[in-house]
Amino acid sequence: MKKIALAALALSLIATPAAFAQQQQGYGHQQQDRMVKKRVVNERTVVKKTRWVRGHKLPGNYRRNVVRDYHRYHLKTPPRGYHWVRVNNDYVMVSIASGIIASMIQGR
């Protein structure tokens, strides 16, 4: 009887760590499956507000938006050699030949 009890006790002591190892291994896999990676992206939009000044030259890339129907926008008729250009929400009267700003109207 003593031999049977000792054998059962030895078997239970040997089998216990193996059972815990299997449990922890399975638990680790479940934890990895549930892991969620979060990625936060902060975007900033920088708006560069340019202040147009009479007598300065308007850059060439802004001179493309010529306003042909200036009466529609309540702008006065430009003199000969000048035209209105729309830059963002502003209207600028520019010399056709040189690109020098003669007049400007802030956007409405």
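Leucine 6 lies in helix α1 (residues 2–34), where helices (H or I, at least four residues) and strands (E, at least two) are DSSP runs numbered from the N terminus. This is a predicted model, in which local features need pLDDT of at least 70, side-chain atom pairs count only at pLDDT 80 or more, and totals for chains, interfaces and linings use all residues. Residues are numbered from 1 along each chain as its sequence is written, and side-chain values use heavy atoms, with hydrogens and water left out.

**Overall architecture**
- Of its 108 residues, 17% are buried (buried means under 20% relative accessible area, exposed over 50%, partly exposed in between; 1.4 Å probe, protein chains only).

**Leucine 6**
- Leucine 6 counts as exposed because its relative accessibility is 59%.

**Nonpolar cores**
- In soluble globular proteins, nonpolar side chains tend to be buried together.
- The largest nonpolar core has seven residues: Trp52, Leu58, Val85, Val87, Val92, Val94 and Ile101 (a core is a set of buried Ala, Val, Leu, Ile, Met, Phe, Trp, Tyr and Cys residues joined through side-chain atoms within 4.5 Å).
- Strands β2 (82–87) and β3 (90–95) are the elements that give two or more residues to this core.
- A second, separate core of six residues includes Tyr70, Leu75, Trp84 and Tyr91.

**Contacts of leucine 58**
- Apart from neighbours within four places in sequence, leucine 58 is in contact (heavy atoms within 4.5 Å) with Trp52, Arg63, Val85, Val87, Val94, Gly99 and Ile101.
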